[in-house]
Amino acid sequence: MKRPHILITNDDGILAPGIQALSDALHPIADITVVAPAFEQSCVSLSVTTRTPLKIEKLTWKNSCNAFSVTGTPADCVKLALNVILEKTPDMVVSGINRGTNAGRTILYSGTVAGAIEASMHDIPAIAFSCSDYFDTDYERASKHIPQIVQYLLSHPLTTGTLLNVNFPSKELSIRGFKMTKQGKEYWGEEPDERFHPVEGHAYYWMGSKLIVFEEEEDSDISWLQKGYIAAVPVNVGSLTDMRQLDEKRNHFENLMMEQVFS
């Protein structure tokens with residue numbers, strides 16, 4: 001059986017321990033190419049570099065895998081991998097392992113998830129992996145479960161335009177199993193910290209952050225993670241339309257707008 005070819009990226013940077021752990025976990029089951037940011041690109045979401053040139057540098061990597069650093073974002077990395085670096089489209093793109101959670105609405109800011117989104121926009125199966133713990137992250141524990149999740153998705157692909165967002169619970173909790181569930185509501189909100197220039201005296205700010213929590217549904221990634229489960233959410237980016245609102249508001253919106261235009 002032909003080994004799948006997997007493209008790996010992240011947002012913590014190509015030298016981050018999480019991407020090393022991800023590569024090690026997948027090397028036994030797939031041919032690997034690593035294309036990741038030269039520097040940390042956390043919280044850049046799906047941003048793309050358009051006003052400065054991008055540099056690609058080939059690096060030495062474990063297990064003789066091909067590895068390249070890109071002076072850009074995770075989305076830049078996937079775009080350049082597909083259009084410049086790789087000769088063929090990979091069978092899957094896997095992003096991570098992220099340092100810190102990407103559960104709840106944190107995915108809207110995440111560069112790690114954005115790498116998977118970019119792949120999905122090119123109709124390539126994709127998974128984003130993240131650990132709940134930001135400090136003293138246990139990548140080894142997560143790595144034990146990653147091959148079986150990847151193999152499942154290779155054998156049972158999701159709908160085109162849908163990625164799988166996987167989060168591992170805190171290492172303080174024993175892993176109790178797996179749950180495919182819904183994305184929760186929690187996210188990291190802003191907490192600006194005002195400082196002052198020591199000479200000129202003008203104010204500047206560190207954005208800072210604080211966790212914004214909600215009463216979560218029992219069947220959500222946030223809830224299952226808190227109970228010690230690995231939470232996997234199929235996230236669709238192929239169709240962004242709120243179909244309920246489209247059905248409910250289409251005629252009312254169009255008719256009211258036309259009345260105002262021609263009244």
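**Close-up 1. Where helix α2 meets helix α3.** P74, A75, V78 and K79 of α2 touch G111, G115, E118 and A119 of α3, contact meaning heavy atoms within 4.5 Å. By class, these contact residues split into four nonpolar, two polar and two charged. (Ala, Val, Leu, Ile, Met, Phe, Trp, Tyr, Cys and Pro count as nonpolar, Asp, Glu, Lys and Arg as charged, and the others, Gly among them, as polar.) Before going on, note that this is a predicted model, with local features needing pLDDT of at least 70 and side-chain atom pairs counted only at pLDDT 80 or more, while totals for chains, interfaces and linings use all residues. Numbering starts from 1 along each chain as its sequence is written, and side-chain values use heavy atoms, leaving out hydrogens and water.

**Close-up 2. The α2 and α3 axes.** Helix α2 spans residues 74-85 and helix α3 residues 111-121; their axes come within 8 Å and cross at roughly 30 degrees. Helices here are DSSP runs (H or I, at least four residues) and strands are E runs of at least two, numbered from the N terminus. The axes are lines fitted to C-alpha atoms over the stretch in contact, with angles from 0 to 180 degrees between N-to-C directions. So α2 and α3 lie roughly parallel to each other, a label for angles under 35 degrees. α2 passes α3 in a right-handed crossing, that is, the near helix is turned clockwise from the far one by less than a right angle.

**Close-up 3. Helix α1 against helix α5.** α1 (residues 17-26) packs on α5 (residues 146-155) at an angle of about 65 degrees, axes 9 Å apart. L22, A25 and L26 of α1 make the contact with I146, P147 and V150 of α5. That gives six nonpolar, no polar and no charged residues. This crossing, too, is right-handed.

**Close-up 4. The largest pocket.** This pocket has a volume of about 680 Å³. A pocket is an open set of points on a 1 Å grid over the protein atoms alone, with protein on both sides within 12 Å along at least five of seven lines; lining residues have an atom within 4 Å of a point. Volume is the space filled by probe spheres set on the points, which are joined across faces, edges and corners. Of the 28 lining residues, G100, T101, N102, T106 and W188 are closest to the centre. Helix α6 supplies the largest share of the lining, three residues.

Technical notes:
Parallel < 35°, antiparallel > 145°, perpendicular 65-115°, else oblique. 1 Å grid on protein atoms, 1.4 Å probe; cavity = no way out; pocket = protein on both sides within 12 Å on 5 of 7 lines; lining within 4 Å.
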